[in-house]
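Let's take a walk through a protein model together, one stop at a time. Have the picture ready and follow along.

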Amino acid sequence: MASTNIQNTAPASTNIQNTAPINNNMTNNNNNNIFFSNYLNSLFQTPHRLRKRMLATWTPEQELNQVRQRSGADMKRKLKWHDLLALGLGGMLGVGVFVATGEVAVHSGPSVFISYFIAGIAALLSSLCYAEFSVQIPVAGGAFSYLRLTFGEFVGYFAGANILMEYVLSNAGAARSFTEYMSFTFGENNPKAWRVHVEGLMTNYDELDFPAVALILLLTFCLCHSTKESSMLNLVMTVFHLVFFGFIIIAGLYKGSTDNLIKPNGLAPFGVKSIIDGAAIVYFGYIGYDSASTMAEEIQNPSKILPIGIVGSVLISSVIYCLMALSLCLMVPYYKIQKKASFSVAFQSIGWNWAGNVVGAGASLGIVASLLVAMLGQARYLCVIGRARLVPSWLAKVHPSTGTPLNATLFLGLCTASIALFVDLDIILQMISIGTLVVFFLVANALIYRRYVVIGNNPPSKILLFLFLLSSAALGFSLWWHSKPHWWGLHSKLHYWGLLLFCGATLSIIVLFHYLVPNCRANYPSGTWSVPYMPWPPALSIFLNIFLMTTLTSLSFQRFAIWTVLISLFYMLYGVHQTYQAEETDQIMLGNGDHDQVNSAGQQSKLDNIQVLSVISHV
């Protein structure tokens, strides 16, 4: 009977197995229905959640501990002051001077070094704002974190998305320049010699650059391995190309002629406007110090090292940029400067063919260093945005053994390689800089607001009114500067009087604010670094960023408008709901007593931040 029972139950077992896939399918369908139902319900709640989330801010303590723990493992604090200074220099020196100098010199003449000087002043003022924020909020999010803590979630997200686009575009452009200089290193006189022309593709998108793609992928895998080893590689390359830059500067001063600066049409043959336009284009070359600020979670003693690395790298880079551009214009008349691989061609034009090959190799190395740092920074931006759940959370994961944001590094590396494969450098240069200028403008506003409202306890309305009037006066001056007197039927002298009026209004607004609103520097603990002479540095940074923005081409603003629409839609359809749910989950965990588990996961984070939190508590 027992055996009979077993035989009789076999078919039943078989039936269960046959119905299992059906039950699984039903379960999957139910899960999908629940998912879509929840998603549709979230969409209906979008207006309510937008009102709640757009202006939601976090405290520095939450950003340093609770939010950072969403990455799982911590990034490893292995970098010292010389590592950070080298990262800042490496991120700026290669990409700016070798990529944009030839392009700008063709349109602004020998005065291109003045364009670098103006852009350097604007970058220095912005770097001071970054330095103070990085001391108070030493997290890897850079401008995203600074603005999210000051102006709310949407402004931080908006800045983070724009700076990421700038990183990806500028890195793609730098990689394509690498191919051009490498071709000169191996004796090719055609900058497109190593590219593959494909018939049927659109103009400016039909030159495929496989060496650029290979370089980006190689650096991506290097950055996935270790930050410390990557910084050591960057340090070696930075020291090498500092010596290399010295060779170019000395050679240019020795072989050059001042006649090339003033003949045939003077220092500024295309007028002052061309100098300002050039400053807006070369400004993207200073984005490297933003990358340095994203290393805050991997720096030993960030409150002291970050200001040195950020401000110091901008000062040194500005001097080198100006001298490099000057040496190029001394060697070759501006109308003979080539847009592509301009420094290599310049040495060949003076008869130093061997130096042209050496310059090609050195420029390629400089571009590699810049790419290394920029790709380091962009991954950390995306990682921190992922922590906030504004993008999928898997992008926020930090690999436990390497201490690097692995997923974010791989994802952005593939995006950069895809653009570098197809898009011509001319198109890229026309599209970049506007996002950088907008973000630096917002950071300067945020510093004034944080210093005078969050720390100084002044009424927000008074500070916001000052920021609005300052931005309006700067915009009025900028638009008036770029207008033509005949547009308004005015005499040229009246046009100059209009400029003086807007300039005087800007200065008057800053002076009145300086004397009427009390400075809160006394609220800072002794020894804490902060921006001196407030509010002048951030106020002048606001003015210069607006001024430079108005010089950009319409294509830049079109790209900016399209990108703004896309990221805003993504925020409304995805980001706002994910951050809302993440905050609810955190509150539930803490309410259920799971905070012990959360705290134990973040003990090392808190130990790392004792010094920082002590500063914040004093403030």
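Predicted model: local features only at pLDDT ≥ 70, side-chain atom pairs only at ≥ 80, totals over all residues.

You'll find Leu-569 in helix H22, which covers residues 554-591.

Now let's look at rings. A pair of aromatic rings is described by how far apart the centres are and by the angle of the planes. This structure holds 29 aromatic pairs. Take Tyr-130 and Phe-440: their ring centres are 5.5 Å apart and their planes sit at 85°, so this pair is edge-to-face. Tyr-130 belongs to helix H5 (residues 112-136) and Phe-440 to helix H18 (residues 434-455), so the pair ties together parts that are 310 residues apart in sequence. Both Tyr-130 and Phe-440 are buried. They also belong to one aromatic cluster, whose members include Phe-133, Tyr-146 and Tyr-283.

Stay in helix H18 for the last stop, Asn-445. Is Asn-445 buried or exposed? Its relative accessibility is 6%, so Asn-445 counts as buried, the cut-off being under 20%. A polar atom of the Asn-445 side chain lies 2.7 Å from the backbone oxygen of Phe-441. Leaving aside residues up to four places away in sequence, Asn-445 touches Phe-151, Leu-467, Ser-471 and Ile-542.

Notes:
Residues numbered from 1 in each chain as written. Heavy atoms only, no water. Helix = DSSP H or I, 4+ residues; strand = E, 2+ residues; numbered from the N terminus. Phe/Tyr/Trp six-rings, centres within 6.5 Å; stacked < 30°, edge-to-face > 60°. Buried < 20%, exposed > 50% of the residue type's maximum accessible area, 1.4 Å probe, protein only. Polar contact = N/O pair within 3.5 Å; in protein donor to acceptor, adjacent residues only side chain to side chain. Contact = heavy atoms within 4.5 Å.
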